[in-house]
Amino acid sequence: MSTKTTTRQSHYWVQKQRRADFIEQWRSNRRTVVGKEDVVLEDTSRGIRRGVYVGADGGRPTRSMDASVHEVDPGQVSTVHRHSWDAMMLCVGGWGWTEIDGERIDWGPGDSLHLPAWSWHRQGNDGATTARFVSFSSEPLLETMGMAVLDDAGHRPVSELDARPAFSPDVPGDDSYARRVRRLAEDQSARRSGRLHTSWDDLEMLPTPRGTRTTFLLDRAIGYQASGITMAMFEIGPGRGQSMHRHPGEAWLYVLDGEGHSYLGSEPEGGEDHPWRKGDLIVVDHFLWHQHFNDSADRTARVVRVHMFDSLLETMRALCDPLVLFEEPPDHIRDRQAGDPTTVDWPELTRPSWP
Ligand SMILES: [Fe+2]
Ligand SMILES: [Fe+2]
């Protein structure tokens, strides 16, 4: 009996069709602004509510990161769990606490935290009002590589649970294997000693020449060791805007305060304006030209920008060079905005509130 299999089409055509189908499918996942009313909060077995801004479980699949919102009612404590991906939390309302590998961190609105890969963590609220936070994780990226693992341990005390995966610090010799063991051990030691919490009270906003002021929330520049997700906050002066540009990858902006609109288009002109307000997530997707404007004449707008720069985008830049992955249009389009951007009267930095 013959064991030879034949395909009627050659490998070339099968592959070509598969690649075209893949892109067609992903184009249908393109998002613009996900409004807070588009996010359905559901009770979960963890004991806290969860809603999905973008991510497969909310019917809005992504490739590198996902974004969810969580609510912890007064007196609630979630189950403890860990996962192979890491996540960043942005606290947006109420006061709560997070325990990371047994270390408790109390937080309030505007604080941000890093949940390292494989760390046991749970959420709690000892206060009198519901605590709310938004989270961004690298789960989709790990899933594309078959490395997304979740472990929920219910309400078992962390002292009874396995520590993070062990690694060998060293082996004898100076061969390539020994060098690999040492290199990876050094990397893990650094990654397991990163910073975990940025308090709103410690933020220092620095003005830029274009009518915005910014600060890092969670970034390697201020001691965080993440999978590549970075989080920064910027504030746009009344009636001002950012400059226009485009880049690959998913870049998201969570609106902490204010209202405005974002230009999104496949060309720097002729695209569409998308309005947004507090609690919405602006999704800058798939290499679109974009520019964000504050539509208020007297109040600033505060948005938190999240993207996967320090791993995925850097890798894309290295692999795609000399393709240009960051572009700016001619100056008159890039910088269009009303008024002189250098004259913004910045208000005192107050914590955000919800609702
Ligand atoms: Fe988690
Ligand atoms: Fe951007």
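Me: Two strands pair if DSSP finds at least two bridges between them. With that in hand, what is the order of strands in the open sheet of seven?

Reply: One caution to begin with: this is a predicted model. Now the general idea. Strands of a sheet pair through backbone hydrogen bonds, either parallel or antiparallel. Here the open sheet runs S1-S20-S17-S22-S16-S15-S14, and its pairing is antiparallel.

Me: Which are the edge strands?

Reply: Look for strands that pair on one side only. In this sheet they are S1 and strand S14 (206-207).

Me: How many bridges join S16 to S22?

Reply: Eight bridges link strand S16 (residues 229-236) with strand S22 (residues 301-308), and the two run antiparallel.

Me: Let me move to S4. How many of its residues are buried?

Reply: Buried means 20 or more other C-beta atoms within 10 Å of the residue's own. By that test, seven of the seven residues in strand S4 (residues 66-72) are buried.

Me: Which S4 residues lie on each side?

Reply: In a regular strand the side chains alternate between the two faces of the sheet. In S4, one side carries Asp 66, Ser 68, His 70 and Val 72. The other carries Ala 67, Val 69 and Glu 71. Both faces are covered.

Me: In what sense does S4 pair with S3, and with S11?

Reply: Antiparallel in each case. S3 and S4 share five bridges; within that pairing, Gly 51 has Val 69 of S4 as its bridge partner. S4 and S11 share seven bridges. There, Asp 66 stands opposite Ser 137 in S11.

Me: Now the wider view. What domains does the assignment give?

Reply: It gives domain 1 (33-165) and domain 2 (200-334). Their C-alpha centres are 24 Å apart.

Me: How many residues of each domain touch the other?

Reply: The size of an interface is often given as the accessible area lost when the parts come together. Here we count contacts instead: 25 residues of domain 1 meet 25 residues of domain 2. On the domain 1 side, the elements giving two or more residues are strands S1 (33-34), S3 (49-54), S6 (87-93), S9 (112-115) and S11 (131-137). S6 gives the most, with three residues. By class, that side has 14 nonpolar, eight polar and three charged residues.

Me: Which residues have the most contacts inside the largest nonpolar core?

Reply: In soluble globular proteins, nonpolar side chains tend to be buried together. The largest such core here has 59 residues. Those with the most contacts inside it are Met 88, Leu 90, Trp 252, Tyr 254, Leu 281 and Val 304.

Me: Take Leu 90. What is it in contact with, leaving aside neighbours within four places in sequence?

Reply: Leu 90 contacts Ser 112, Phe 133, Val 134, Met 231, Tyr 254 and Val 304.

Me: How many helices and strands does the protein have, and how compact is it?

Reply: Count five helices and 22 strands. The radius of gyration is 22 Å, close to the 20 Å that the globule rule gives for 355 residues, so the protein is as compact as a globular protein of that length. Its C-alpha atoms fill a box of roughly 75 × 60 × 45 Å along the principal axes. Buried residues make up 35% of the 355.

Me: What share of contacts joins residues at least 24 apart in sequence?

Reply: Among contacts between residues at least 6 apart, 71% do.

Key
Residues are numbered from 1 along each chain as its sequence is written. Chains are lettered from A and ligands numbered from 1 in the order in which they are written. This is a predicted model: local features need pLDDT of at least 70, side-chain atom pairs count only at pLDDT 80 or more; totals for chains, interfaces and linings use all residues. Domain bounds come from an automatic or database domain assignment. Two residues are in contact if their C-beta atoms, placed from the backbone, lie within 7 Å. Helices (H or I, at least four residues) and strands (E, at least two) are DSSP runs, numbered from the N terminus. Ala, Val, Leu, Ile, Met, Phe, Trp, Tyr, Cys and Pro count as nonpolar, Asp, Glu, Lys and Arg as charged, and the others, Gly among them, as polar. A nonpolar core is a set of buried Ala, Val, Leu, Ile, Met, Phe, Trp, Tyr and Cys residues joined through C-beta atoms within 7 Å. A residue is buried if 20 or more other C-beta atoms lie within 10 Å of its own, exposed if 12 or fewer, and partly exposed in between; C-beta atoms are placed from the backbone. The radius of gyration is taken over C-alpha atoms; the globule rule is 2.2 Å times the number of residues to the power 0.38.
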